[in-house]
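Here's a quick look at one helix, one of its residues and a pocket. Have the model open as you read.

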Amino acid sequence: MAAICHALARAVLQPTGENIAAVRAAIGAKNRTGMHIYDSVFACQLAEALLAAGDVPSAEATEREAFDFVEDSGERFWLAELHRLDGRMALKRPEEDRARAEACFLEAIEIARSQEALMLELRAATDLARLWRDAGSGGDPRALLEPILAAIEGGETTRDVRNARALLAEIV
């Protein structure tokens, strides 16, 4: 588990082929033991690194595997994040699909709310607010983000809270 976390941290900071291969190797080693806990989390983070590396087809395939694992195992605690990532992928495809991205972000928000996972809700809401801002239409980013930020106690130094506040500052 530590090897996966270490490899993922490296791949997030530098999504190189070498770092992504290290993630795959670490996940493979864990799976060979028969342990499949957190598979949805690890697959989602691997897909995110692949997306950052520009390998959209591999990111999509990894994400599909994660959705399949969730369906088969019932491990749903990272499902909101998988839907958020699906929305981000819709924006990275050769033909950007903003409508699909918005639907994915809204699904992620709904799942996170039902699980009372405020930080996952904030991530999805920040991506949705950014989409609305970039499209110049849609909903009100401020009305979306401010209630979530108000509900989060502490966490002002987390990347997610800082990103949401920075986006709000840009929209003024």
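## A glutamate and its contacts

Let's start with Glu-121. Setting aside residues within four places in sequence, Glu-121 touches Ile-109, Ala-112, Arg-113 and Ile-148. Keep in mind that this is a predicted model.

Is Glu-121 buried or exposed? Its relative accessible area is 6%, and the cut-off for buried is under 20%, so Glu-121 counts as buried.

## The helix it sits in

Glu-121 belongs to helix α7, which covers residues 118-135. With 18 residues, α7 reaches 25 Å from its first C-alpha to its last, close to the expected 26 Å.

## The largest pocket

The largest pocket holds about 520 Å³ of space. Helices α3 (39-52), α5, α7 and α9 each give two or more residues to its lining. Which element gives the largest share of that lining? That would be α7, with five residues.

In total, 17 residues line the pocket, and those nearest its centre are Glu-48, Arg-84, Arg-88, Arg-159 and Asp-160. If you're sorting the lining by class, you get nine charged, five nonpolar and three polar residues.

Note on methods. Residues numbered from 1 in each chain as written. Predicted model: local features only at pLDDT ≥ 70, side-chain atom pairs only at ≥ 80, totals over all residues. Heavy atoms only, no water. Helix = DSSP H or I, 4+ residues; strand = E, 2+ residues; numbered from the N terminus. Expected span 1.5 Å × (residues − 1). Buried < 20%, exposed > 50% of the residue type's maximum accessible area, 1.4 Å probe, protein only. Contact = heavy atoms within 4.5 Å. 1 Å grid on protein atoms, 1.4 Å probe; cavity = no way out; pocket = protein on both sides within 12 Å on 5 of 7 lines; lining within 4 Å. Points joined across faces, edges and corners; volume = space filled by probe spheres on them. Nonpolar A, V, L, I, M, F, W, Y, C, P; charged D, E, K, R; others polar.
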